[in-house]
Structures are given as C-alpha cells and as structure tokens.
Amino acid sequence: MSNTMRKVRSPGAGETAAHTVAHKPLRRFSIVLQSIWRRGEGKFTLIVLTLWLAVALVSLVWTPQSLWTTDGYHVWAKPSASHWLGTDGTGADVFSWLMAGSRTNLLIVVLTVVLSAVWGLALVAAMVARTPALAGTSVVVVDALISIPTVLIALILAVPLGASIAVIVVACGFGYGLNLARVARPAALLAARSAYVESARANGASGWRVLVSHIIPNILPVLAVQLSLSAGTAVLAESGLTYLGIGVPSGVPSWGHSLATSVKLINVFPLTVLWPGLIVTMVVVALNVFGDVLRDAVDPVASPALRQTVAVASDARNTGVTETAEADGEEDER
Amino acid sequence: MSQDNGAHAESGATGATTDASLASRAKNPKKNGPKWWLISLIAVIVAVAVVIGVTLAYAKKDNGTASGNGAAQASTVTIGLKLAPTNLDIRNTAGSALDQILIGNVYEGIVARDSKNQVTPAIASSWEESKDGLTYTFHLNKNMVFSNGDTLDAEDVAWSINELIAKQYHDADALEAVSKVEAKDADTVVITLKTPNSNLLWTLTGRAGLVFDKDAKYDLKTQAVGSGPYTVAKFVENDSITLKANEKYWGKNKAKTPTIVVKYLADDNAAVNALKSGDVQVLAPITENLAEPFTSDPSKYVVKAGDGTDKYVLGFNNASGSKLADKRIRQAIRYAINHDELIASRGGADKALGGPIPSLDPGYEDLTDLYPYDQDKAKSLMAAVGYSEDKPLELTLTYANIYGTELGDQLRSQLKPIGIDLKVNVVEFSTWLQDVYTNHDFDISLVDHNESHDFYTWTDPTYYFGYDNKDVQKLYAEGIAATTDKERDAKFAEAAKLISEDAPADWLFNYRITTATAKGVEGFPFDLNQTVLPLYNVTYTK
C-alpha cells in the first residue's frame, strides 16, 4: 500500500524527502557500524574482518616472499627474520602462503554466501507461494534434500569437476541455502499471510514485488544470522574439503591448503599447523559472532539511533500512512 | 504490549510509549547477563576431563613399557606396516603387501631373495643351468614338511608351478618362457625353457616360484598353509595379521620370536603415536621427516634407511603429437630439475637416480652425470624451441595424491624459470590409472614404480610413456637371452644409458625406505623390506 502511495505523492513533499534519502544510507551504515563497535564482541569481529579484507587486498600486489620460491634445503624451518612463520614442506614461506590464502578464502566465502542467499530465497519464495501444490511440494523437497550431507554433495561434484573452488562453492551454497530456507520459512510465512501483503496484492503488487518489499525485509534478521553462519561454515568446509583433496586445487593458496599440507607432520612440526589453524578459528568465530551483532545492530527494535532515522524519514515522507517502525524500517532503505 | 512480536499488532500504540519500552529492552538485552555459574561449571568440567585424559594416557604408556620390561627377550613383537592386504590369496590377489608378509615367512619359494636382491637357496639347496640356458635342474632339501604335517617334495614343487601356468594365476606371465616343469625324483625338479631367460631364477624368488601343498584343502583367502617358519594364526582384514612360529618347521630359519603381530597403520600420525606409546616396536615405512622425533632420541629408537627398488619416475608422454615430442623440451626439464634439493627436502635419505635401473637391479650404473642440474642449459634449450619465462609452455603434471602435494609444488617452482608453466593435477590413484596408465591422456606423470626387474616397461611402446626405441628393444632382448649374468648386465646397462640419453622421463630419485624401531629390536631387515620381509630373525629385548 505504501508503495502506491509513494508513487502519487505531491511534488512539494518530494523535495525534502529526496534530500533526506540521499544521506540516509550512509548515516544508517555508520549508525550500524557504531552500534556494532560499541559491543565487545562487535569490536573483535570488525577488527578481524577488516584485517582479513585488508590482507587479501595487499596479497594481490605484495607478499613478503614469492609463493613460488621453494627452498628444498630449508623445509619446515622455524620462524626467522626472512620467514616470519617459518617454511612448509616444500621450503616455501608459510606467511606468504597464508596471506595469499586469505583472498581465496574471501572469494569462496563471498560466492558461497551469494549462492546460498539466492538459492535460499528462491526456496523461501516457493515455500510461501500461494499455490498450495508448489508450497507443499517444495517443503517436502527441502526436508528431503536437507538430509544429504554437504560433504557427500561435494564428493559427487568432485567426480566431474575434480578439485576446484566450484566444488566448495556449489556444495556449500546448495546445503546452506536449504538451511536458510528452512529457518526463514516461519517468518516469511507470517509476512506472506499478513494483512499488508493482502492489501498490497489487492493493489496489484506482483509476487516478485511482495517478496522484495515485504517478505525479505521481514526475514532480514534471520538472513543476517544464517548467512554469516554460512560464511563461517564455508571457511571450515574449505579446510575440510581441501584436506580431502576435493577442495582448492594444488597450487592455489588457501588456509585449507596450508592446513592440509602441514597436518601430516603435526607430531613433528606442530607450529606450522598452528598458524593456519588459528587464523581459521579466529575468522570463523568472527563470522559467527558478526551475524549476531549485525542482527541486533540493524534491528530498529533494538537500536534507538536507527529508529531515529526511520522517524525522520517517516516525517519527511508525510504520507499520513501509519506504520510501525518494524514493518517500515527496511522498506525505507531506498 | 510491545513484547508482542507481531509486526502490525502495535499499530495503535503511540510513538512515545513504544519507544520507551523498546529503549528499555535495548538497554537490557537478555544475553548481556553473563551466567558466571555456567562458565565456571564448564571450566571445571574441562579441567576434570583434561586431568582424566592425561592420567589415562600416561597409565597406558606405563602399561606398554611394563609389558616389554621382562628381563629377557619379548615373546611377542609387534610390527607396524602401512599397506594392508585385502585377503591372503597370494595366487590371485595383486599387491606387494602380500609378497611382503607371506613370502619367506609363511610360504617359501623354490629359491629366495636376499636383502641385496640376489638369488639364494630356499626349498632348493642348489641348482644348475645348462650351457644353452634352456634347462634348470634344482636339487631340493630333504625332510621338508608343510605346517600341516604333509611332506614337501618335488611333486609339490612341480605341481605348484604347473598350476600357476595352467590356471594363469598372478605373475604367470613371468614364466612365459617355461615349456615344462617336471619332478624327476623326490628331490629333483627340472624346468625346461622354450627360450633362454636370464631373469628366470630371480622370477622364481617371487610368487612364480612359491610351493604349495598339493594335498591340502583350505580357503586361500583367509588361511595359508606353507612350509615357512611362521603360520598365520589370525588375519583381520585391513587391520592386522598374527604370525605364530611353525612348530613343524624343517629348515635353518627357525623363528626366534614365538609370536609376531603385524599391524597395518595407514595413517602416518597414528603410526608415529603407536611407536611412541609402545604399541608397536617397528615402523616401516616412515618418512624421514616424520621420523624426526625418533632420530633425535637415539637412546630409545633406531632409525635407518634401507635400499630399495622404488623409482620415482617423472614420465613424459613420448607419443607423437604430444607437447613433449620435442626432445629439447624433455632434455630441458631434466636439466632444470634440482634432484639434490628434492632429496634434501624429503629428509635426505633417498638416492639420486639418473636412469631406469636402480642399484639393486641388474644392469645398474650411475647415470646421474648425463643430465646434471644446469638451469642455463635448460633455458637455452627452451629458448631454442621458442619458450621463455615470459612466454611459457603450459604443461600438466598428473599424479596420485598418495605421493603428497609437495613434489608437484616443488617441480612447478623449479620449472617456472626455464619457461614451463606447470599445472599440477593431484588426483585419486584410480583416476591416474584411468587417465594416464590406461588412456595415455597426460603430458607429464609422476609415479613410484617400485617393482624390481621392471626394465621391460621401456621396451614396450604400448606402455603409458609410449617410448619406442628399436635399439633399446634389441639390447633388452639380447640381455634376456644372455646365458651369463655378466653378459646380461652389460646389455641392460647399455640399453639403460640409451634410454636416459633420450630423456623419455626424469628419474627424480631412488626412494629408500626409512624404518624406525625401538631400541632392542634386532634382526629386522632394512633393505627391500617393502617386498621381502623375512621375520624369523626378529627379536626384541627391552
């Protein structure tokens, strides 16, 4: 309903609205960041994730040593001035490989999150569809598919694809999308059967429109938590699948690669396993916590500062339609 | 009211009250109340678990040493090996794991192999070869019996070899030259050949020459009746084999330890822990790098590398149309590889190998000087074909994951400066068999050819390297037909040199098996112990 109202609002009111809207995303973003930063665990996640991003970018142009410099006479060396974290079994620099690995893991995480979001939302749409046959079948299909272990999917994919990043992304994206759909379904259903969707539909809003402007905003908190969990699990899955030999191919740096090559000699050179292990742990914890703090930070119910921006926007719009902050908050993002 | 979750339930509420209650909710998020009692409970549980775990681990260790703490020699020695046989059927099941554990321990051959890969007497105490190399006469020992009490005589020997040929059991093709095997009398067996074969005696030290009891009926897959110093008391698939001394044993190699348990430890770290904790007294093989904790503790352990016939072959695809059909590229690769560095990174036990024949096989000579490490030469050869570091030739190396990723990574680094962009494709062994071995679909392959006397693969143009050299084939045929070992060795050596010069492959190194034992273990063979592992001499004194 609000959408139709917006289209026909008077030009006089529109001028002020446009002004406010232009600055709003930035302001909201900084409010969200600040409220994350104010929490102890929020600081931790922000620092770790920013560092990750920065290291990944730097590794594109610079690593302390070339990845392809191997010195067979100094394998499994202890940390030193020239090799900050020592060398691996080929005599290559562990620090450089871990740096370069951060960009591969970042790529995998981003692709997995995007794929699982798209696939999960498509399933959500099917599960809350107005066609009972489609909704019923998709619920059963999701329940059935969710029982297939991700590792099994990866193993099957590895038959035609061999060891490749695609195996990790597709297997994880598929599995986590199912989880996401299942967890988000109740909230989505509540929104889909609500009175305002009824009225939007009565006004001729398409299914796509309903999904984008009503259902997705309502499941955003669930999405934030689920996707960040998926991101964390994707990092773990990368390590696991690479260890099994079906993940990142040989010669592509990744944390899983560093772990897999050093874990064979964990009894002899435990230090070399420690570094990638620590990094993976830190990043996974940061990603998991990030979902939690992000949900709280973007939730107008929990954040007075965020509600302030919503209130300002509502005033500026001045449409006369009474809506709650919760239902309205996300809609106003554009 | 504001506690209701329904998004539109509050539409009637005024902004002020909603905000106030929301703000109060935001100030007191439920999860912010740390549950100290819960955290301390978890901490206590963790601490208790750690204490119990450590205590148990140490208790187990004490038991382990206590049991071996007898004043005299231990009655049981446990040995950790790596590759497990799937069953005991040495007639039909391939794989050197069976040869390793059964030949010389449970079954005996007409002749045997010593640790230098030379032929020694076993069931036959002596033999003669006719001048034309077509007739071999074997004189057997007297009063031989199988572990079930049956006598072993020439009948059993002739029957065993004839059965092998007639039923085409595993390794039967090694006896293609044999025309007949006869028991002349109870102590004499005569083997007649169609054409001379200078490898015959060595072949008979393996599966082809094993002697079985003609009259015994038993399930070959789970039992073994032989004439060796041990019998199989228990076989657990993929896990362990228990050998008990054969009370009826007839010969000189009487078992010194009554019970030997062989455990198969596929996981390297589990293997290391087993030796550390005293679960096993011997580990073979172990990598030089993994053995580091044992090497650095010589008061408790002995670590030693033994000679073997394992050749790490970087095989090129020599078929016409292959990217490596140009000899200059193959030579460049051989010059560019720093073998010493590869060996050093693996712990330094392995030996450089310049050609197809390892030091324990006939015809060996040191060929490492043919292609010494010389990057400039490699670069100029690549430049002559039109490649450089800026304009590299793309090649794919395909090999099985059992060899680890390190070799591929190192080769890529070593070949990069000469203008080869090496893509490393580490695959399952079955994929390697399918793509490389069967379909010849590869540029470069890496595999450990561990068999002894496998020089013939270079004379077979249909073998996966696709190497076809008429001179080599002629020399090999002459060597096989030779009637003296000296003549054979000379022919093989000449052929091996021709092959190495052609550079149809690079021989990265001759892998030497590292064995780690607890101090006090005596008589365990170090050389060739992945194929020939006589255990009768093994003792353990703590």
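Biologist: A residue counts as buried if 20 or more other C-beta atoms lie within 10 Å of its own, as exposed if 12 or fewer do, and as partly exposed in between, with the C-beta atoms placed from the backbone. On that basis, is B:Ala503 buried or exposed?

Modeller: B:Ala503 is buried, because 21 other C-beta atoms lie within 10 Å. Please note that this is a predicted model, in which local features need pLDDT of at least 70 and side-chain atom pairs count only at pLDDT 80 or more, while totals for chains, interfaces and linings use all residues. Residues are numbered from 1 along each chain as its sequence is written, and chains are lettered from A and ligands numbered from 1 in the order in which they are written.

Biologist: Where does B:Ala503 lie?

Modeller: B:Ala503 is in the loop between H14 and strand E18 (505-518) of chain B. Helices (H or I, at least four residues) and strands (E, at least two) are DSSP runs, numbered from the N terminus. B:Ala503 also has a positive phi of about 55°, although it is not a glycine.

Biologist: Which phi does B:Leu528 have?

Modeller: B:Leu528 has a positive phi of about 55° and is not a glycine. B:Leu528 lies in the loop between strand E19 (521-522) and strand E20 (539-540) of chain B. B:Leu528 counts as buried because it has 22 C-beta neighbours inside 10 Å. For background, most residues other than glycine have a negative phi, and most peptide bonds are trans.

Biologist: On peptide bonds, is the one from B:Ala284 to B:Pro285 cis or trans?

Modeller: The bond from B:Ala284 to B:Pro285 is cis, with omega near 0°. B:Pro285 has its place in strand E13 (residues 282-286) of chain B.

Biologist: Back to H14 of chain B. How do the axes of H13 and H14 of chain B cross?

Modeller: The axes of H13 (residues 470-481) and H14 (residues 485-502) of chain B come within 8 Å and cross at roughly 165°. That makes H13(B) roughly antiparallel to H14(B). Axes are lines fitted to C-alpha atoms, for helices over the stretch in contact, and angles run from 0 to 180 degrees between N-to-C directions. Angles under 35 degrees count as roughly parallel, over 145 as roughly antiparallel, 65 to 115 as roughly perpendicular and the rest as oblique.

Biologist: Is the crossing of H13(B) and H14(B) left-handed or right-handed?

Modeller: The crossing of H13(B) and H14(B) is left-handed; the term applies if the near helix is turned anticlockwise from the far one by less than a right angle, and right-handed if clockwise.

Biologist: And which residues in H13(B) and H14(B) meet?

Modeller: Those in H13(B) include B:Val472, B:Leu475 and B:Tyr476, and those in H14(B) include B:Phe492, B:Leu498 and B:Ile499. The residues of the contact of H13(B) with H14(B) divide into 7 nonpolar, 1 polar and 5 charged. Two residues are in contact if their C-beta atoms, placed from the backbone, lie within 7 Å. Ala, Val, Leu, Ile, Met, Phe, Trp, Tyr, Cys and Pro count as nonpolar, Asp, Glu, Lys and Arg as charged, and the others, Gly among them, as polar.

Biologist: How many residues does the contact take from chain B and from chain A?

Modeller: The contact takes 30 residues from chain B and 32 residues from chain A. On the chain B side, H11(B) gives the largest share, 6 residues. The residues of that side of chain B divide into 11 nonpolar, 10 polar and 9 charged.

Biologist: Now chain A. How many helices and strands does its secondary structure come to?

Modeller: Chain A has 13 helices and 0 strands, and 44% of its 334 residues count as buried.

Biologist: Which residues does UniProt list for "domain: ABC transmembrane type-1"?

Modeller: The unreviewed UniProt entry lists residues 102-291 of chain A under that name. UniProt positions are given in the numbering used here, feature names are shortened, and annotations may be inferred rather than shown by experiment. Over residues 102-291, chain A is 83% helix and 0% strand, with its end C-alpha atoms 20 Å apart.

Biologist: Lastly, how do the axes of H4 and H5 of chain A cross?

Modeller: The axes of H4 (residues 94-127) and H5 (residues 132-145) of chain A come within 7 Å and cross at roughly 135°. H4(A) and H5(A) are therefore oblique to each other. The residues of their contact divide into 7 nonpolar, 1 polar and no charged.
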